[in-house]
Amino acid sequence: MKILDELFYGNISGADLKTSEKHKKACKKELEIYHKLKPMLNKEQDKLLEELLEANSISGGICEKEMFIYAFKVGLRIGIECSKLNS
């Protein structure tokens with residue numbers, strides 16, 4: 001099946017990507033730090049931390065989307081250029 005068919009039928013998804021061991025370790029470390037820090041905070045500090053984490057999550061998602069779009073465009077440009085070589 002061609003790549004466009006796979007995309008159309010929903011067989012391609014970023015959710016299919018396997019998380020690297022390096023990423024798993026970094027996430028585990030973040031969680032450990034969070035659980036150590038949380039009990040040390042008063043209510044106001046805790047609220048600010050939660051707001052910071054939420055803002056960081058939103059920002060990270062936007063960045064991921066923009067990187068995906070950029071990489072997709074670069075991939076298309078490479079494909080177009082390669083197709084011109086075979087002409």
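**Salt bridges in a predicted model**

Visitor: Starting with Glu-21: buried or exposed?
Guide: Glu-21 counts as exposed, because its relative accessibility is 52% and the cut-off for exposed is over 50%. Keep in mind that this is a predicted model.

Visitor: Which side chain does Glu-21 meet in a salt bridge?
Guide: That of Lys-24, with 3.5 Å from N to O.

Visitor: Where do Lys-24 and Glu-21 lie?
Guide: Both are in helix H2, which covers residues 21-37. They are three residues apart, or about one turn of the helix.

Visitor: And how accessible is Lys-24?
Guide: Lys-24 has 44% relative accessibility, so it counts as partly exposed.

Visitor: New topic. How many salt bridges are there by this rule?
Guide: The count is four.

Visitor: What about Asp-46, what does it form a salt bridge with?
Guide: With Lys-38; their closest N and O atoms are 2.4 Å apart. Asp-46 is partly exposed at 22% relative accessibility, and Lys-38 is partly exposed too, with a relative accessible area of 25%.

Visitor: Which helix holds Glu-51 and Lys-47?
Guide: Helix H3, residues 43-85. The two residues are four apart there, about one turn of the helix, and their side chains meet in a salt bridge at 3.7 Å, N to O.

Visitor: Which of those is exposed, and which partly exposed?
Guide: Glu-51 is partly exposed at 41% relative accessibility, whereas Lys-47 is exposed, with a relative accessible area of 55%.

Visitor: Which residues are joined into one network?
Guide: Lys-38, Asp-46 and Glu-50, through salt bridges that share partners.

Notes:
Residues are numbered from 1 along each chain as its sequence is written. This is a predicted model: local features need pLDDT of at least 70, side-chain atom pairs count only at pLDDT 80 or more; totals for chains, interfaces and linings use all residues. Side-chain values use heavy atoms; hydrogens and water are left out. Buried means under 20% relative accessible area, exposed over 50%, partly exposed in between (1.4 Å probe, protein chains only).
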